[in-house]
Amino acid sequence: MALVETMTCRERVMAALNGQPVDRTPCANPTNVATVELMDMMDAPFPAACRDPELAARLASTGHTELGFDSIMPYFTIIQESSALGCDMQWEEKDNWPTVRMANPIWKGPDDIRIPEGFLDHPDNVTIVKAIEILRREFPDVAVIGKTMGPWTLAYHVFAVDKFLLMSIDDPERTMECLHKLKEISVLFGQAQIAAGADALTFPDHATGDLVSSEYYRRFLQDIHREMVERLDVPLILHICGRTLDRMPYIADTGMAAFHFDSKNDPQEAMDAVEGKIVLVGNVNNPETLYARGPEEVRAEVVRCLEAGVQMIAPECAIPLSTKLENLIEIPRAVKEWHEARA
Ligand SMILES: [Zn+2]
């Protein structure tokens, strides 16, 4: 039977984030789904599309218009705030991600942390906020998702990953002090995006099982994440890549609306671990399935998530920039057909 859709894309995503009933499972990408092919199609290449609001909005809109997702995400990278803080940037070319150069970190400890005057007026922050304003106006019925980096991820950029992880071992109190100061940046940038019309915010905070223990998550981040829920007045989608199953029960207790999880975690085991306390989104594998395989394999992963009860379907993390469009288009198509078969 044909699937009758009774909700707009935006209503569907917001209902799912709030744990309410939906007409069908939404496809909502909390991180980037733009590709080189889409950049060419819209004449909006990296890095310009990361630094110009019109280009960012135009490229981001393809997530809905070309791929068929229920959401639009105009913050493609994880480095906009770090650029505005003065980090040493490598902006790269169309086919590569801009990054922070780790060789010359800007800060050494908590006393160095200062939010520069005019932080929100920095062009790389303005790009995101203005792109959200444009998209909110042009796509009133599509969920517009913003993104603000958590303090753990910001610490990687301003102190360098290895130095920050060493600090966390040597001096937990100093580490805590850094995180409390950095979280104000997360709040500031998040609030600006909410004022611009963001429906929800992705909150990447990369305390991944590949680098730190679940005890680290509980000790350093769980309370800060609870505080973010209080201070940022839209549903928050926590994003941590890699293995996270061991910390999912802690994550589920923060009050965050959703957790964007990686394919290194089995969808059914993840659903069991969070016990319905948080919505799960993501899980379709990037480097193997979306990048290197075809629509049939993509569909199989989507179905595995749907059958486990995962509430929103998406790639596990920012997709490789040369991902084939047919593989991305297959995600919403597979979701709709799965529901149709049950209608
Ligand atoms: Zn990630």
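Which residue follows α1, and is its phi positive or negative? Gly19 follows α1, and the phi of Gly19 is positive, near 70 degrees.

## About the model

This is a predicted model, in which local features need pLDDT of at least 70 and side-chain atom pairs count only at pLDDT 80 or more, while totals for chains, interfaces and linings use all residues. Residues are numbered from 1 along each chain as its sequence is written. Helices (H or I, at least four residues) and strands (E, at least two) are DSSP runs, numbered from the N terminus.

## The sheet

Let's start with the strands. An open sheet is formed by 7 strands in the order β1-β4-β5-β6-β7-β8-β9, with parallel pairing; strands pair if DSSP finds at least two bridges between them. β1 and β9 are the edge strands, each pairing on one side only.

Strand β6 (residues 236-239) pairs with β7 over 3 bridges, in the parallel sense, and Leu238 has Phe259 of β7 as its bridge partner. On to β9: it runs parallel to β8, joined by 4 bridges, and Ile313 in β9 is the bridge partner of Gly282.

β7, helix α12 (residues 267-274) and β8 make a right-handed β-α-β unit (with the strands pointing away from the viewer, the path from the first strand over the helix to the second runs clockwise).

Helix α1 (residues 9-17) lies across β1, β4, β5, β7, β8 and β9, at about 55 degrees to β4. Angles run from 0 to 180 degrees between N-to-C directions, with axes fitted as lines to C-alpha atoms, for helices over the stretch in contact. The buried residues of α1 are Cys9, Arg12, Val13, Met14, Ala16 and Leu17; buried means that 20 or more other C-beta atoms, placed from the backbone, lie within 10 Å of a residue's own. In β8, 6 of its 6 residues are buried.

Leaving aside neighbours within four places in sequence, Ala258 is in contact with residues including Leu17, Pro235, Val281 and Met312; contact means C-beta atoms, placed from the backbone, within 7 Å.

## Helices α7 and α8

The axes of helix α7 (residues 151-159) and helix α8 (residues 161-170) come within 6 Å and cross at roughly 120 degrees. Here Ala155, Tyr156 and Phe159 in α7 meet Val161, Lys163, Phe164 and Met167 in α8.

Technical notes
Buried ≥ 20, exposed ≤ 12 C-beta atoms within 10 Å, placed from the backbone. Contact = placed C-beta atoms within 7 Å.
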